[in-house]
Amino acid sequence: MKLPLHIAQKLQQLLLPGETIASSGMQHSAVTKMLEDGLLQKQQLSKTKAVLFISPNADVAAYLHNHFGISNLTEYIASVEATEQSRAGNVLVSGNSKLQPVRTFKGFLINSYDSINASINHQPVIIKPLTGTYTFIHAFEQFVPDAAVTIVGIENPENFAAIEKQRYLFAGIQPLFVSRYPQSNDLVKWLAAIPNPYLHFGDLDFAGINIYQHEFKKQLGSKASFFVPSNTEELLQKFGNKELFNRQYNPSMNYQENTEASIQQLLQLMLQYKKVLEQEVFINQQ
């Protein structure tokens, strides 16, 4: 059983000489067990009010160690309270690396077909993954790309793996590609912290627009833009998906509310041809 933070804090308070706490403030199965084991005692003050206190001869340290693996209550509380904690620290404090769920595998994937200058932890680095590999950025808070770089978000894994075959789409910029998967808040947090512009390249359909607006535009504001390639209309006519359009289109929605020019352009095309376009179509279409 894990000792909840609020119970640990109350227990630490009870360690002070003469301290008592209303029993209504310490209701938990762990507390029930402490009462049964004699670590805590209960004093009834009235029909509706009772207080808890530590038994005079109780060995709190030994009890916590034997029942919860906690060797130091103060350090245990500090560890659980900390927003950033390491599994190693948990092992030292409680002998349990699973003390609290911790995202040790944070970060996101990046890819590039040209060399990209950047720095990580204030050390210069050149990003250029070998063909068939990606680079995973773990310490993203310290990762800073060159100011001339445009961050291009790729929605679908197949496109992210085949960026060389889509080079023709990005002739006017120096792109660093980032993957939306695995999904977490890390990517958007990083995008919000750096000055580089963000270009979102996803499915050209209603769902793709929704992903962009709610996951990226809402958090990034004017630094984010939606990418509609110049050959979209041609490919929409040839390879557009009518069935997917019919599944996604909602006649009650006011699609004109979106003021971003590229999205308005795309909406007009989709409504004109009654089709949508999946991102994978752009691979090998130069």
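Before anything else, I need a cut-off: I call a residue buried under 20% relative accessible area, exposed over 50%, and partly exposed in between. I also remind myself that this is a predicted model.

**Entry 1: one residue.** I started with E278, which sits in the segment after α11. Is E278 buried, exposed or partly exposed? Its relative accessibility comes out at 36%, so I put E278 down as partly exposed. Next I looked up what E278 touches, skipping its neighbours within four places in sequence, and found D203, N241 and L244. I also checked E278 against L235: the two are 43 residues apart in sequence, and their C-alpha atoms are 10.0 Å apart in space.

**Entry 2: two helices.** From there I went to α11 (residues 261-273) and α9 (residues 232-239), which pack with their axes 11 Å apart at an angle of about 25°. Angles under 35 degrees count as roughly parallel, so that is what I call α9 and α11. I noted the crossing of α9 past α11 as right-handed. Which residues make the contact? On the α9 side I listed T232, E233, L236 and Q237, and on the α11 side L266, L269, M270, Q272 and Y273. Sorted by type, the residues of this contact are five nonpolar, three polar and one charged.

**Entry 3: the sheet.** In what order do the strands of the six-stranded sheet run? I read off β7-β4-β10-β9-β11-β12, an open sheet with mixed pairing.

β9 (residues 149-154) and β11 (residues 198-201) pair in the parallel sense, over four bridges. In that pair I found V152 opposite L199 of β11. I also spotted helix α8 (residues 206-220), which lies across β11 and β12 and runs at about 165° to β12.

**Entry 4: a hairpin.** Last, I turned to β5 (residues 116-120) and β6 (residues 123-127), which pair in the antiparallel sense over five bridges. I116 stands opposite I127 in β6. How many residues lie between β5 and β6 in the hairpin? I get two, and N121 in the turn has a positive phi of about 55°.

Key
Residues are numbered from 1 along each chain as its sequence is written. This is a predicted model: local features need pLDDT of at least 70, side-chain atom pairs count only at pLDDT 80 or more; totals for chains, interfaces and linings use all residues. Side-chain values use heavy atoms; hydrogens and water are left out. Two strands pair if DSSP finds at least two bridges between them. Contact means heavy atoms within 4.5 Å. Axes are lines fitted to C-alpha atoms, for helices over the stretch in contact, and angles run from 0 to 180 degrees between N-to-C directions. Angles under 35 degrees count as roughly parallel, over 145 as roughly antiparallel, 65 to 115 as roughly perpendicular and the rest as oblique. A crossing is left-handed if the near helix is turned anticlockwise from the far one by less than a right angle, and right-handed if clockwise. Ala, Val, Leu, Ile, Met, Phe, Trp, Tyr, Cys and Pro count as nonpolar, Asp, Glu, Lys and Arg as charged, and the others, Gly among them, as polar. Buried means under 20% relative accessible area, exposed over 50%, partly exposed in between (1.4 Å probe, protein chains only).
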